[in-house]
Amino acid sequence: MQFEVWAPLTDRVALRLDGAAYAMAPDPERDGWWVVEAPAADGSRYGFLLGGGPDDAGDDPRQPQRPLRPDPRGRRLPEGPDGLSAVVDFARFTPESPAPAPRTPLQDAVLYELHIGTFTPEGTFDSAAARLGHLTALGVTHVELMPVCSFPGRHGWGYDGVAPWAVHEPYGGPAGLARFVEAAHAAGLGVVLDVVHNHLGPSGNHLPVFGPYFTETHHTPWGAAVNLDAPGSDEVRAYFLGSALAWLRDYRIDGLRLDAVHALADGRALTFLEELSAAVDELAAETGRPLFLIAESDRCDPRTTSPRAAGGLGLHAQWNDDFHHALHCALTGESQAYYADFAEAPLGALAKTMTRAFFHDGTWSSFRGRHHGRPVDRGRTPAHRFLGYTQTHDQIGNRALGDRLAASLSPGLLACAATVALTGPFVPMLFMGEEWGAGTPWQYFTDHPDPDLAEAVRAGRRREFAEHGWKAEEIPDPQDPATRDRSCLDWSEPGRASHARLLDWYRILLALRRTHSDLRDPDLAALRIAHDEEHRWLTFRRGDVRVVVNLCGEPVTVALGRNGVRVLAAWLPVEHPDADGRVHVPAESAVVLGL
């Protein structure tokens, strides 16, 4: 088997494999690469020794001890990021006749964001796979996994990963991920994986000793930027590009969510994201599978998802936080921080996002202290370029107590929120447990083995929220195992009457979306919407379907016109419209009508 590593910063490299040492030779065709042939099998443990004397292969006790480094492209880290890598033979856990990957296009998709470590108390791929029947019955089409790359400790959100090619071992490692994807495909579900290219975690990151993976040319909230445009960046880009394609090719994952692409510092004419989207499109054509990329971006820039031929980055969709913020303000009345601009007239903000995607499309952003965003060309941009949602891991977990909407809203308002998101113009995405109004929080938790880092994270979290009036003792300790345990879903809740009713409403709405093509119409300009800010109601039309949402604590009467629509579904009992086309909607309720 050939072992290879890019290590341009050293003059010698040795491979340590199952206790034996092998001197590596420079690759004559690739600058900075080292190669060697050595016998290995699935599970063989190995690492690299960098530097040393002219004849040192790492087995001379007279030589100074050097740390054994895991493979930057290693596919498995059985002992975690600071341990040895392990060889992975994908043929050992790839079925001879794998379940066909679903072919649901984005336009028809419904995504479900899921964190493996808290979806079940066991926190493994296998335990999550055992719950996939719940998702198929719900009506979602794709599971969006939060990051599963290796990180120090057992529990964490996953955004402190340090090995972009390896799977977190406590979740089940590579074999566990492969089993999960196979089970999802067998259930008719696609799998989307959240990947992080903008930074690596603060502990267990060995990349800097191998090469210029980071650059001081740019700085990010996490420190030195990933090197996408400085000297050596060709190989760094190839490293992350190869990692992304490996998830899609080797695990048969159907799409990637790209974390915070606005934090990628990349000044080259051909950006990394354009390279990545072109490579994914090529792999999709090669495999005949509809692969896609979904960006998280706060730029409010339609070029993120515009085709490359039209000067865009060519990503296939992006999260729409503006829609979330407007809906959140309308539901809760919150107005702090980035909610301020949306809170001035939340239903008007919601109406704008539902017809023009971005609220900030060149408008003043008080949170940023500048104008922000760019208008979406509705004639060229389909609605399925955007994901719409009421909650996400960020919007829950970055709150002081990790409280969900269910902690403060009535069941009726939760039903209203679901109605807007699931019948609205964007590709719906749910956050695990929201469909039954989960009573469990989703808090920020970590498991850093380094005590100094653990204390820094703990103190930083408390300092952050102290600025907003919280006492230190009120903020959950990220390092306390109980913080993670509190964040696990309680699977007894869906069977309780108070939760089961909301779950049934989600199923009804998703069934309507599936059976009524008007609810999947990609034309943003075709959506008609009206609202009353004072009386807190909103109504919109999508083809032959009408939706009315009443957020007010009193019943409202809304005129829909004489169009013959009838009630298709209602949270509380609603009569069909009267002879004048008026519908009477109870307090904190929603109704969907159609021909």
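Student: What should I know before starting?
Tutor: This is a predicted model, where local features need pLDDT of at least 70, side-chain atom pairs count only at pLDDT 80 or more, and totals for chains, interfaces and linings use all residues. Residues are numbered from 1 along each chain as its sequence is written, and side-chain values use heavy atoms, leaving out hydrogens and water.

Student: Why is the contact between Arg92 and Asp42 called a salt bridge?
Tutor: A salt bridge is a side-chain nitrogen of Lys or Arg within 4 Å of a carboxyl oxygen of Asp or Glu. The closest N and O atoms of Arg92 and Asp42 are 3.2 Å apart. So the pair qualifies.

Student: Where do Arg92 and Asp42 sit?
Tutor: Arg92 is in the loop between β7 (85-86) and β8 (111-114). Asp42 is in the loop between β5 (33-37) and β6 (45-50). They are 50 residues apart. Strands here are DSSP runs (E, at least two residues), helices are runs of H or I (at least four), and both are numbered from the N terminus.

Student: Why is Arg92 called exposed?
Tutor: Buried means under 20% relative accessible area, exposed over 50%, and partly exposed in between (1.4 Å probe, protein chains only). Arg92 has 62%, so the word is exposed. Asp42 has 35%, so Asp42 is partly exposed.

Student: What makes Arg237 buried?
Tutor: Its relative accessible area is 3%. That is under 20%, so Arg237 counts as buried.

Student: Which residue forms a salt bridge with Arg237?
Tutor: Asp266, with the closest N and O atoms 3.2 Å apart. Asp266 lies in the loop between β15 (255-258) and α7 (272-287), and Arg237 in helix α6 (residues 233-250), so the pair ties together parts 29 residues apart in sequence.

Student: How do you know that Arg582 and Asp580 form a salt bridge?
Tutor: Their N to O distance is 3.9 Å. The cut-off is 4 Å, so the pair counts. Arg582 has a relative accessible area of 36% and is partly exposed. Asp580, at 41%, is partly exposed too.

Student: How many salt bridges are there in the whole structure?
Tutor: A search finds 30. Asp194, Arg257, Asp259 and Glu296 are linked in a network of salt bridges.

Student: Why do β22 and β23 count as paired?
Tutor: Two strands pair if DSSP finds at least two bridges between them. 5 bridges join β22 to β23 (residues 537-542), so they pair. They run antiparallel. Arg528 stands opposite Arg541 in β23.
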